[in-house]
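This report concerns aromatic contacts and nonpolar packing. The structure is shown first, and the description follows.

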Amino acid sequence: MMDYIVVGLGLAGISFCETLEKNGKSFKVITDNSQQASQVAGGLYNPVILKRFTLAWNAQQQIEQTKPFYKHLEEKLGEVFDHELPVLRKFASIEEQNNWFEAADRPGLDHFLSTIIQPNHNPSVEAPFGFGEVKYTGRIDTGTLVNTYKNYLDQKGQLQEESFEYAALEVKENSVVYGSIEAKNIVFACGFGLKQSPYFGYLPLNGTKGELLVIKAPEYKEQNVIKSGVFTIPLENDTYLVGATYKWKDKTNVPTEESKNELLEKLKTFLKCEFEVIDHVAGIRPTVVDRRPLVGRHPEHSNLYVLNGFGSRGVMIAPYASEQLYNYIENGTPLDKEINIERFTKKYYLA
Ligand SMILES: Cc1cc2nc3c(=O)[nH]c(=O)nc-3n(C[C@H](O)[C@H](O)[C@H](O)COP(=O)(O)OP(=O)(O)OC[C@H]3O[C@@H](n4cnc5c(N)ncnc54)[C@H](O)[C@@H]3O)c2cc1C
């Protein structure tokens, strides 16, 4: 008997597997490519909401877990995932500069917001009011992480690449059986794919489609993340990620002309050099009605668990939420109320 089956190998699945390995638990992963969020994500970790200059939910605690978590993965897998990059928020006016200074005085935010206004030195950028810098930020190369982790598990015989067939799952009192695997518990970390689940489909996962472009801009020469109407994130060889869009109706992973045009329009408001679009990707963020993760135990089946709802902040939330779930299952430590799916139990009985 195994300890766990994990369904889904995006940021949620990887983080939970890491927690299992750390604690010496046996597990097998079943995953497919039906969802793409972790493959295509911009991968930024940034504790500050740059629209309103406020701290993201639970950001201080999450950022403390973020760096050591990915550092450990780098050492273990022999790859670089964490690229430390300052995020520069372009100011649109003097008023915005003032708002920034006010925010930088607030406890919590003072740690992350630099109080020096950075003038623009990049001739390819239009930014007459300069930038505010967020500290301790960077980018996790989530696409490389997913692929590397898949190979890692595959080599150890712990990966089954296929779509999980819910009808084939037998839920017993103290275990679950799926094909030839019997395990004490099963954790569903399926991103927006959770919508198909007969067990957790009642949870109010909305899903927000996001699209990103990759551009090549040899004259841009920018080493920081620039945030204006869109982000530009430096990659290698004069290429940059440009994103992202937020769409609530379309739930496919197909890039659209409409979103491409939207991104280009916003990009051209501040990027004044030549560039060419060399790639265009899309994925569905697993967003929740109340913008909090979905973590916990099924209302009726005590060996079925969910780890989901990371929205647009999977990089920072995943290590924290995985730790929470693990301690809840194995040690009986109560989950943070805000993330516990018990807040939606009524919906289960009404469904
Ligand atoms: C364009 C875009 C930009 C983003 N930028 C950022 C960013 O800069 N910073 C940040 O922190 N976050 C960002 N995000 C959000 C981040 O990508 C998500 O929060 C995170 O990837 C969610 O991870 P997950 O593992 O829950 O889901 P997913 O990445 O969707 O992974 C779920 C996995 O489960 C698999 N699966 C689903 N159903 C089944 C099934 N039935 N059988 C087998 N396997 C199944 C899927 O195929 C997939 O492999 C971005 C998202 C998008 C779309």
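Predicted model: local features only at pLDDT ≥ 70, side-chain atom pairs only at ≥ 80, totals over all residues.

## Aromatic pairs

Across the whole structure, 16 aromatic pairs are found. In one of them, the ring centres of Phe 164 and Tyr 166 lie 5.1 Å apart with the planes at 75°, so this pair is edge-to-face. Phe 164 and Tyr 166 are both buried.

Phe 164 also pairs with Tyr 178, here in a stacked arrangement with 4.3 Å from centre to centre and 15° between the planes. This pair joins distant parts of the chain, 14 residues apart: Phe 164 belongs to the loop between β10 (159–161) and β11 (169–171), and Tyr 178 to strand β12 (residues 176–178). Tyr 178 is buried, as is Phe 164. Together with Phe 188 and Phe 200, the residues Phe 164, Tyr 166 and Tyr 178 make up one aromatic cluster.

## Nonpolar cores

The largest nonpolar core comprises 65 residues, and Phe 16, Leu 73, Leu 145, Tyr 149, Leu 153, Leu 307 and Leu 325 have the most contacts inside it. Helix α7 (residues 314–331) supplies the largest share of this core, 10 residues. Beyond residues up to four places away in sequence, Leu 145 touches several residues, including Leu 11, Tyr 70, Leu 73 and Phe 81.

Conventions. Residues numbered from 1 in each chain as written. Heavy atoms only, no water. Phe/Tyr/Trp six-rings, centres within 6.5 Å; stacked < 30°, edge-to-face > 60°. Buried < 20%, exposed > 50% of the residue type's maximum accessible area, 1.4 Å probe, protein only. Helix = DSSP H or I, 4+ residues; strand = E, 2+ residues; numbered from the N terminus. Core = buried A, V, L, I, M, F, W, Y, C linked by side-chain atoms within 4.5 Å. Contact = heavy atoms within 4.5 Å.
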